[in-house]
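Please look at the sequence and the three-dimensional structure shown next. The paragraphs that follow lead through them step by step.

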Amino acid sequence: MPKIQARLFCQSLYVTLYFLAASVIPFAALLVDTVYLQNSVGEESVVEYCQDIFLIILSVLFFRQAHRHKEARSGFLLIGFFFLTMLIRETDNIFDMLIYHGSWSLFAAPIATFAVVYALLNETETLNALTDFTQSKEFYSFIIGLLLVLVISRLIGMSWLWRSIFYYAYPRIVKNIAEEYTELLGYSIMCFSCIKYIRSKA
């Protein structure tokens, strides 16, 4: 019995250290931006680049899963294309410079439409992948990361909140740091969760 308890404790400690690493990376990126590069954590920053890297990793992970598991291909493709669409949105400044403001949607919309239609046409495969992922232990930490990106970072980044705190004279860099750091933390947690999920299936 003590051996089982020790093994369970070691597993819990491993998970704690694993997600501690996921939390430290965003702070390290923020430290480089604010202390060493002294930028405002805008579109051209280490924090933003790390967000892009995490999204690339997430997309590749699930595209590889789609290639390896034919019985769940459309579901894993749906998740992969979801992250690819998010990557296109995160890199909207590139599309703004090369084409015009808001042109990122010209690329994101067809990809999202294809992913959804393909998933619906292959309902069994889609349900196989989504059920397996949502029933995994890693899904719970993944959801926390997703909420940090899609909800919490947006709430923290609302201008009226910072105007209420600083009475209309708030330094924009404070808002940028709070919003982008929270977003990067969410991406990091999602990425580490998905890596752990895929490793558990290997």
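**Annotated segments and overall fold**

UniProt, in an unreviewed entry, places the feature "transmembrane region" at residues 12–31, 46–63, 75–91, 97–121 and 142–161. UniProt positions are given here in the numbering of this text, feature names are shortened, and annotations may be inferred rather than shown by experiment. The model is predicted: local features need pLDDT of at least 70, side-chain atom pairs count only at pLDDT 80 or more, and totals for chains, interfaces and linings use all residues. Residues are numbered from 1 along each chain as its sequence is written, and side-chain values use heavy atoms, with hydrogens and water left out.

The chain has 9 helices and 0 strands. Both kinds of element are DSSP runs, numbered from the N terminus (helices: H or I, at least four residues; strands: E, at least two). Two of the annotated segments may be compared with the model. Residues 75–91 are 94% helix and 0% strand, with end C-alpha atoms 25 Å apart. Residues 97–121 are 80% helix and 0% strand, and their end C-alpha atoms are 36 Å apart. Along its principal axes, the C-alpha trace of the chain spans about 55 × 50 × 30 Å.

How much of the chain is buried? Of its 202 residues, 41% count as buried, where buried means under 20% relative accessible area, exposed over 50%, and partly exposed in between (1.4 Å probe, protein chains only). Among contacts in the chain with a separation of 6 or more, 70% come from residues 24 or more positions apart; contact means heavy atoms within 4.5 Å.

The largest nonpolar core has 40 residues, and those with the most contacts inside it are F62, F76, F83, F133, F142 and M190. Such a core is a set of buried Ala, Val, Leu, Ile, Met, Phe, Trp, Tyr and Cys residues joined through side-chain atoms within 4.5 Å. The elements that give two or more residues to this core are α1, α2 (46–68), α3, α6 (123–134), α7 and α9. Of these, α9 gives the most, with 10 residues. Leaving aside neighbours within four places in sequence, F76 is in contact with F62, Q65, A66, H69, A129 and Y197.

The model also contains pockets. A pocket is an open set of points on a 1 Å grid over the protein atoms alone, where a 1.4 Å probe fits, with protein on both sides within 12 Å along at least five of seven lines; lining residues have an atom within 4 Å of a point. The largest pocket is lined by 17 residues, of which R89, E90, R154, E180 and E183 lie nearest its centre. The elements that give two or more residues to this lining are α3 (73–90), α7 (138–156) and α9 (172–201). By class, the lining has 5 nonpolar, 3 polar and 9 charged residues. Here Ala, Val, Leu, Ile, Met, Phe, Trp, Tyr, Cys and Pro count as nonpolar, Asp, Glu, Lys and Arg as charged, and the others, Gly among them, as polar.

The second largest pocket is lined by Q11, Y14, V15, F19, K137, E138, S141 and K196. To this lining α1 gives the most, with 4 residues.

Q38 lies in the loop between α1 and α2 and has a positive phi of about 50° although it is not a glycine. Q38 counts as exposed because its relative accessibility is 65%. M158 is placed in the loop between α7 and α8 (159–166), and M158 counts as partly exposed because its relative accessibility is 28%.
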